[in-house]
Amino acid sequence: MPFDTVILGSGFAGILAARTLASKGRKVLVLEARDRTGGRARSYEGGGGAPVDLGCSWIHGYNEGNPVKAMVKELGIAAHVPKPADALTYGPSGLIDPALVQKLNANLGAAVGAARVTALSTTATDASLASSLLDPSSPLFAGLKEEEKPLAIGLARTMQVGLGATLEKTSLRWNGFEDNYDGTNAAPEGGYQTVTSALQKQAEKDGAKFLLNQIVTGVTLLEDSSIEISTVSPSGENSTHSGRTVICSIPVGVLKHVPQSFFDPSLSVRKLAAIERVNVGTLGKLALFYSSPWWPSAASSITILPSSNPPALTPNSSALDLLSSTSLVIASFSSSSLPSPQPTLLIYLPTTICAQIEALPLAVVSQAAHDLLVSKMKPSEIPEGPVHAGMTSWTDDPFCRGATTTPVTVGGERTPLDFVELGKPEKGEWKGRLGFAGEHTEVDHRGSVAGAVESGLREGERIAGVLDRLD
Ligand SMILES: Cc1cc2nc3c(=O)[nH]c(=O)nc-3n(C[C@H](O)[C@H](O)[C@H](O)COP(=O)(O)OP(=O)(O)OC[C@H]3O[C@@H](n4cnc5c(N)ncnc54)[C@H](O)[C@@H]3O)c2cc1C
């Protein structure tokens, strides 16, 4: 007997779709390529203290309508909004005067606002966010001395962390199109994997079955209208599974690399073109765990701006040159407002250096990062290095191939409609029995946990309707 629905992937989207269908009494099988569930929810416990999230970490817009807040509450998991604490910003010559930082931030806010206004009146497909934000007449530079302008550019470049793409690659025309959750950030206690595990347990309680180490290699519609899903295990063992319907929550970075025969019949040309067009960004994290904090421990966030003449990068650049070349955003977990404080610095690896840094040995990267931070923050005594470190490898990870989708990038026929197309079920011979979920399938909340959650709920409900009609 085939399963009612086979779900490919067990991140937020796959688990939520499974929970929805299982709660309606449907027979559900979830096939996961990794040896764990959660996907890009990855809470690292190797540091010895509270788990540190190396994938998603924040519930963005916690007090501004993000539905993940209610979901986490319903699961009985606490979420913490860090108390307002000093944010420190360092430039090439050390700590920047807070009054100047305030001015730089106000200018950046005005420049982002002006870019949004310009976006509403342009049809140029090749104009980038950089062309507006960094234009000499931009509000970014209002009232600044010549020598302060590179600091303003460095601060603007911190936006690349959230974008997953450079300002030069991000489309101006579609800037601000998304209606994403913004404002208060909160972190779920125990890390985001606590949330995916709790959701998985609920789905399993209603009968959903999860199989790990099942790398899906093909999805074929058979003549009797059942769907055959082929998998291979990491040790090379082949299996097949059967379902009446399928929800694919495999990341679009992976779908870009599967052969066209992966889905048989093939996906529509419209969907294939959207898969090719959307951009998967890069973002990584480096966690440095210390026995005691040597940096100003009241600060919850530290920003390091590069010098105006950073070293030219080559494919062989050292870790220190890479880290010195860019604006770094760092979260400090020595704050007493967080549960089980562990002296940890979590460095976001932005798109300009992420792939190169992730390819270097962890010991080399962590030493270089420690040396750079010490040289910038100049503590009164030379501190001991980190006792432990952890780093992501999302860029080369075969089961996501990048961090998340980015906002629309410049050029070609790219529009936000691509994200709508990616969430559409396949019609034609598939007759809606093959659906798609995942962060990349939600136009407003793409790239976030909220988008993955909403897509899983959406596709679970839609497939439930398809199954009702098939019965
Ligand atoms: C560094 C980083 C920081 C982030 N920070 C935040 C944040 O603070 N807040 C926020 O809201 N969002 C954040 N995000 C985004 C968020 O993590 C993702 O949007 C969300 O987790 C995606 O869920 P998903 O279910 O769509 O995909 P995934 O979680 O990637 O799930 C897809 C699943 O499919 C599996 N899979 C892949 N290929 C196959 C195959 N062939 N066969 C079977 N299974 C397969 C994968 O192993 C994976 O388990 C961050 C992401 C990254 C990378």
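Which order do the strands take in the open sheet of 3 strands? The order is S5-S9-S6, and the pairing is antiparallel. What you're looking at is a predicted model, where local features need pLDDT of at least 70, side-chain atom pairs count only at pLDDT 80 or more, and totals for chains, interfaces and linings use all residues. Residues are numbered from 1 along each chain as its sequence is written.

**View 1. The open sheet of 3 strands, S5-S9-S6**. The edges here are S5 (59-60) and S6 (79-80), each pairing on one side only. Strands (E, at least two residues) and helices (H or I, at least four) are DSSP runs, numbered from the N terminus, and two strands pair if DSSP finds at least two bridges between them. S5 runs antiparallel to S9 (residues 185-188), joined by 2 bridges. Look for histidine 60, which sits opposite asparagine 185 of S9.

**View 2. Helix H1 against helix H7**. H1 (residues 12-23) and H7 (residues 192-205) have axes that come within 8 Å and cross at roughly 25 degrees; axes are lines fitted to C-alpha atoms, for helices over the stretch in contact, with angles from 0 to 180 degrees between N-to-C directions. The two helices are therefore roughly parallel (under 35 degrees; over 145 is roughly antiparallel, 65 to 115 roughly perpendicular, the rest oblique). H1 passes H7 in a left-handed crossing, meaning that the near helix is turned anticlockwise from the far one by less than a right angle, with clockwise being right-handed. Among the contact residues are Phe12, Ile15 and Leu16 of H1 and Thr196 and Leu199 of H7; contact calls for C-beta atoms, placed from the backbone, within 7 Å. This contact splits into 7 nonpolar, 3 polar and 1 charged residues. Here Ala, Val, Leu, Ile, Met, Phe, Trp, Tyr, Cys and Pro count as nonpolar, Asp, Glu, Lys and Arg as charged, and the others, Gly among them, as polar.

**View 3. H1 meets H14**. The H1 and H14 axes come within 7 Å, crossing at roughly 35 degrees, and this crossing is right-handed. The tally for the contact is 12 nonpolar, 5 polar and 2 charged.

**View 4. The shell around the ligand**. In all, 40 residues surround the ligand, and the closest are Gly9, Gly11, Gly39, Cys56 and Ala452; a residue counts as near if its C-beta atom, placed from the backbone, lies within 6 Å. By type, the shell holds 21 nonpolar, 14 polar and 5 charged residues.

**View 5. Strand S13 and its partners**. S13 (residues 238-248) runs parallel to S1 (residues 3-8), joined by 5 bridges, and threonine 5 faces threonine 245 of S13. S12 (residues 227-232) is antiparallel to S13, with 6 bridges; serine 230 has threonine 240 as its bridge partner. The hairpin of S12 and S13 has 5 residues between the strands, and glycine 236 there takes a positive phi near 95 degrees. S20 (residues 434-436) pairs with S13 in the parallel sense over 3 bridges, and isoleucine 247 stands opposite glycine 435 in S20.

Methods
Two residues are in contact if their C-beta atoms, placed from the backbone, lie within 7 Å.
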